[in-house]
Amino acid sequence: MSEVNTGPRVGGWTRFVTARPRLSLLVALVITALAVFAGSGVADRMGSGGWEDPDAESTYATKALEREFPASEPNLLLLVDSGSRSVDDPAVAAEAKRLTDRLTAEKGITGVGSYWGTGAPALRAEDGREALIAARIEGDEKTAAGILDRIAPEFRGTHGPLEVSVGGPVAVRHEMQSIIQEDLMRAELIALPVTLVLLVMVFGSAVAALLPLGVGIVAILGTNAVLRGITEFTDVSVFAQNLTTALGLGLAIDYALFIVRRFREELAEGAEVRDAVGATLRTAGRTVLFSALTVAVSLAAMLVFPQYFLRSFAYAGIAVVVLAAAAALILLPAALILLGHRVNSLDLRRLVRRGRSPSVRTEGAGWGRMAALVMRRAPLFAIATTAGLVLLGLPFLGAQFGTADHRQLPAGAESRVVQEEIRDGFPGSPSGGLEILTEGAATPAEYADYRGRIAALPGVARVDGPITSDGHGYFTVLPEGEAVGEASQQLVHEIRAERAPFDTSVTGAAAVLVDSKDAIADRLPWAAGIIVVVTLLLVFLLTGSVLIPIQAVVLNALSLTAMFGAVVWVFQDGHLSGLLAFTSTGDIETTLPVLMFCVAFGLSMDYGVFLLSRIKEEYDSSGDHEKAVAFGLRRTGGLITAAAVILAVVMVAIGTSRVTNTKMLGLGIALAVIMDAMVVRSLLVPAVMKLTGKATWWAPGPLRRFHARFGLSEGEPGAGSGEHATSVARDKGPDQGRYEDRDLDTAGV
């Protein structure tokens, strides 16, 4: 026994988790209750922006213009409809001026201007029946939202001969935030009962089915409390709440499924309850820990990006992963200790089936037969599935990237209606185009020369300005074509390349998009590098193989192709837009592919770790490569598929949102997890592992020794790895070492 690597001491941990199960659950109940209190109102403290780079030139210019020229950056627009009268009618003008004066007197409002005060053609509709009152709400997103809540009811609606609607960027963001909160509540009401039904179908036992839901609720409530604390120090996007719900339920169900399934296996093999819990923690518990690490790393990679939209998902994701794993590894074992064999109680499947329940040893036989079939035709399955996945991903080669705007909202949303009225009925949007901030003294001749050179650039429709004050000034440039199209983005580069006798900074929708794309392109290699390197290391520590980590990264990436292809085909190109009730903008919001990659890659690794851990366990026991692959798929195929279907249900519920980006996120990740579970894990992984044969487990001597010292796997302590583990297994037989080590841990080793 001295040659066997005993690995980390786990007896103490097992005793800690199982010694006082009632006390553990009571403490968890108290902490959860406190989390409900601490996390209340978290959505009201979140923002709905965060797509811009805070250190970019466009952000600097926007803040400077807001400070020096508030009227240049209106974020509140009142659309005034005069009905059948002209906006120049004396009665209409008099009422509109009263509204303008009232708005000017409101606290927190600056830069108020209107058609009736300025006569600006851009503020008057071409049909003469509508006009605008523009203003700026001061403060950050949260402050501006509070002011809008206060003043909007006073101005919205009928005022004499006028009908007033509220729009502008602040109104769009605020309405988006409100809709997301409503949709999230509806998604939870859909997902929870459907998930419970699916869990009952998977476990049979209603008691066992409730355990994953309990873990998920703890993770979600705890994460809301964490996010509430984070909002005290930095901005957090309201979109992150969707990820909290989806991952909270999804990962909790994954982890609880794996642990409860292993616990029931141990009971079925005759283990006592505490021994079964101990064995489960040492095997499935380790796998859950590894899985949580891989998912957390994928999500943590978003911290390298400057946009708080992406960073928010890292905050929420890391918190929910840690809490889901903690609940699964601490609270769930305590509950299993108390339930014991009653975990199988209330088997509702008996009501609809005849005969005996399938035993643990016969369960999954269909997956075993599938593995055998795939490995008999391994080249065919490997080539066909790879080609199919690549084909599904081809539409992504035509991806166009843009910014989120009012078209994210449902068609009837008030702020969207206002923006579309301005776009279609007014000669120029007061919040559109590009702004060039100038800093430093300049003569009128220098301003005129610079304006002439900008006006001469291709794609420029008109240049207004400059408007100057105390060494600052700005020009407004209206581009031809779409405000954020390719031509407008190229115009940003050309304006920035123009030399001037003063300092210049360019902002506007196209400039923000250019800077956001540059920031993502600059940080993307770092994020991808972090994910790949840490994934390679963790999978090596799990398996002791050099080839398996490389396979895991490549196959995980392949599993995401269908998601990215569908995002472009459906949401960018507009296929199924009628069925799914969204408006195609012809592009994809720049940060969404990054977010979807990090989330889907992490979830894919979650399933990969579950499968690889059981394959490794059997290979260490028997030394038979093909038998190990078939064993792993037989024991986890149904489990992974069930977990993927349940997570897909949660994501589809999220995808019922009326906000396009949330719909895209939910439906895209649902597709990714289904493809990963049903195609990659079921077909491609066994085919590839058959083709690589025993070379799958090769590692050079130094790395084998490193893994023997530091590696972990879903075997009992003493399983070791590689050739040494195989020799031990051959000497002892496939089961002897396993139960001997279980006895050692029970004795406190």
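Predicted model: local features only at pLDDT ≥ 70, side-chain atom pairs only at ≥ 80, totals over all residues.
Helix α17, residues 509–543, packs against helix α21, residues 592–622, at an angle of about 10 degrees, and their axes are 11 Å apart. Here axes are lines fitted to C-alpha atoms, for helices over the stretch in contact, and angles run from 0 to 180 degrees between N-to-C directions. Helices are DSSP runs of H or I with at least four residues, strands are runs of E with at least two, and both are numbered from the N terminus. The angle makes α17 roughly parallel to α21; angles under 35 degrees count as roughly parallel, over 145 as roughly antiparallel, 65 to 115 as roughly perpendicular and the rest as oblique.

Residues are numbered from 1 along each chain as its sequence is written, and side-chain values use heavy atoms, with hydrogens and water left out.

Which residues of α17 meet α21? They are I520, L524, I531, T535, V539, L542 and T543. Their partners in α21 include F597, F601, M605 and K616. Contact means heavy atoms within 4.5 Å. The residues of this contact divide into 12 nonpolar, 3 polar and 1 charged. Ala, Val, Leu, Ile, Met, Phe, Trp, Tyr, Cys and Pro count as nonpolar, Asp, Glu, Lys and Arg as charged, and the others, Gly among them, as polar.

At 1% relative accessibility, T535 counts as buried. Buried means under 20% relative accessible area, exposed over 50%, and partly exposed in between, with a 1.4 Å probe and protein chains only. Leaving aside residues up to four places away in sequence, T535 touches V553, F601 and M605.

Helix α21 has another partner, α9, residues 240–268. The axes of α9 and α21 come within 11 Å and cross at roughly 10 degrees, which makes α9 roughly parallel to α21. On the α9 side, the contact is made by residues including L243, D254, Y255 and R262, and on the α21 side by residues including L603, D606, R614 and E617. By class, this contact has 9 nonpolar, 1 polar and 6 charged residues.

The C-alpha atoms of E617 and F631 are separated by 9.4 Å, and the two residues are 14 apart along the chain.

Next is helix α22, residues 625–654, with 30 residues. From first C-alpha to last, α22 reaches 40 Å, close to the 44 Å expected at 1.5 Å a residue; the expected span is 1.5 Å times one less than the number of residues. Where does α22 bend? The bend is at T636, by about 45 degrees, taken as the angle between axes fitted to the seven residues ending there and the seven starting there. In α22, 23 of the 30 residues are buried.

Some backbone details follow. The peptide bond from G465 to P466 is cis, with omega near 10 degrees, and P466 is found in strand β8, residues 460–469. D470, in the loop between β8 and β9, has a positive phi of about 50 degrees although it is not a glycine. At 73% relative accessibility, D470 counts as exposed.

Of its 749 residues, 56% count as buried.
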